[in-house]
Amino acid sequence: MDALVNAEQGIFAVAGAICVLAAANAVFRKDTLAAAVSLVVTLLSLAVIYLGLGFEFLAAVQVGVYAGAIVVLFTIAIMILSHARANESGTRTGRRLDFAGAAIAVLLFALLAAAILRGRLPVAVAPGSPTDIDAIADALFVRFLLPFEVTSVLLLAALVAAVVLARKRSSEREWPRR
Amino acid sequence: MPTTAYLLLGALLFALGAAGVVMRANALSMLVSVELMLNAVNLTFVAAAKRFGELDGVIVAFFVIAVAAAEVAVGLAIVIDVARRHVSVDVDRASDLSG
């Protein structure tokens, strides 16, 4: 049991450190393709943390859907937009917004950290990890059946919306050049 | 590992994502930052699920992932449309609707 707890701590320490570094790189990197790759690293390290917590199926979904589908979508969009210019500095033109963003982030983290550290979490009634795939299926397809079905409608709507929005209009010129 | 460690990591990731949304002018970087914030919330839900031995947090994480997929599809379509009109993915240039 002790070795198991130590393993979880080690996994969390290593994956958490990688996660934060890659996240910072993904946010502040000017090159969007590098940012997308950093996002993959962040998502994979989060999947490792989920594995450490004992949620194998969630880790698999995280890798498959997030690191797979979503980031591939990002990469394709970056390739399509490779000739569209971002502004040179990479951040907003006003320095005030830079300052505001940093201040918001620091204040937000301070507030959350204070709430987390000072607040008292209710004691777990039965600490354990019911990660049985049967339990997940039961929750997803029985207890949360309606949200599950609504999600499928949402995905269909998003699919149609994405096609309509990104479609080339016949009246428009091909990418206006300048 | 105490639950607070996971919550603190989630808070840190969320703050990083919030900073990115405010500071970055590149619409693609803003979307990456939003993904980061969604993942931070997911980590918080999963940590709570672990602590209480209930699966509900994990189920919410599944739904968040599905919603994130929909959000990225629509968001990237909008970015591509904006780039087609302005030849730029700079959000400060997409100001047609500002009075």
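**Notebook: chains A and B**

I began with chain A, where residues 24 or more positions apart account for 49% of the contacts with a separation of 6 or more. Two residues are in contact if their C-beta atoms, placed from the backbone, lie within 7 Å. The model is predicted, and local features need pLDDT of at least 70, side-chain atom pairs count only at pLDDT 80 or more, while totals for chains, interfaces and linings use all residues. Residues are numbered from 1 along each chain as its sequence is written, and chains are lettered from A and ligands numbered from 1 in the order in which they are written.

**Entry: chain A**

I looked up the elements of chain A and found 6 helices and 0 strands. Helices (H or I, at least four residues) and strands (E, at least two) are DSSP runs, numbered from the N terminus. I noted that chain A has 178 residues and that 23% of them are buried. A residue is buried if 20 or more other C-beta atoms lie within 10 Å of its own, exposed if 12 or fewer, and partly exposed in between. I then found two domains in chain A, domain 1 (1-84) and domain 2 (132-169); such bounds come from an automatic or database domain assignment. Their C-alpha centres are 22 Å apart.

**Entry: where B meets A**

I checked the two chains together: 62 residues of chain B are in contact with 78 residues of chain A. On the chain B side, α1 (3-23), α2 (27-52) and α3 (56-86) each supply at least two residues. The largest share, 22 residues, comes from α3(B). I sorted this side by class and got 44 nonpolar, 10 polar and 8 charged residues. Here Ala, Val, Leu, Ile, Met, Phe, Trp, Tyr, Cys and Pro count as nonpolar, Asp, Glu, Lys and Arg as charged, and the others, Gly among them, as polar.

**Entry: helix pairs of α3(B)**

I took α3(A) and α3(B) next. Their axes come within 10 Å and cross at roughly 5°. Axes are lines fitted to C-alpha atoms, for helices over the stretch in contact, and angles run from 0 to 180 degrees between N-to-C directions. The two helices are therefore roughly parallel to each other. Angles under 35 degrees count as roughly parallel, over 145 as roughly antiparallel, 65 to 115 as roughly perpendicular and the rest as oblique. The contact residues include Leu58(A) and Tyr66(A) of α3(A), with Val58(B) and Phe62(B) among those of α3(B).

Within chain B, the axes of α2(B) and α3(B) come within 9 Å and cross at roughly 175°. That makes the pair roughly antiparallel. This contact has 18 nonpolar, 3 polar and 2 charged residues.

**Entry: the core**

I looked for the largest nonpolar core and found 73 residues; Tyr50(A), Leu13(B), Leu16(B), Val46(B), Val58(B) and Val79(B) touch the most other members. Such a core is a set of buried Ala, Val, Leu, Ile, Met, Phe, Trp, Tyr and Cys residues joined through C-beta atoms within 7 Å. α3(B) gives the largest share, 15 residues. I followed Val58(B): not counting residues up to four places away in sequence, Val58(B) touches Phe55(A), Leu58(A), Ile136(A), Val46(B) and Ala49(B).

**Entry: Ala18(B)**

I found Ala18(B) in helix α1 of chain B. Ala18(B) is buried, with 22 other C-beta atoms within 10 Å. Leaving aside neighbours within four places in sequence, Ala18(B) is in contact with Ile104(A), Ala105(A), Leu108(A) and Met37(B).
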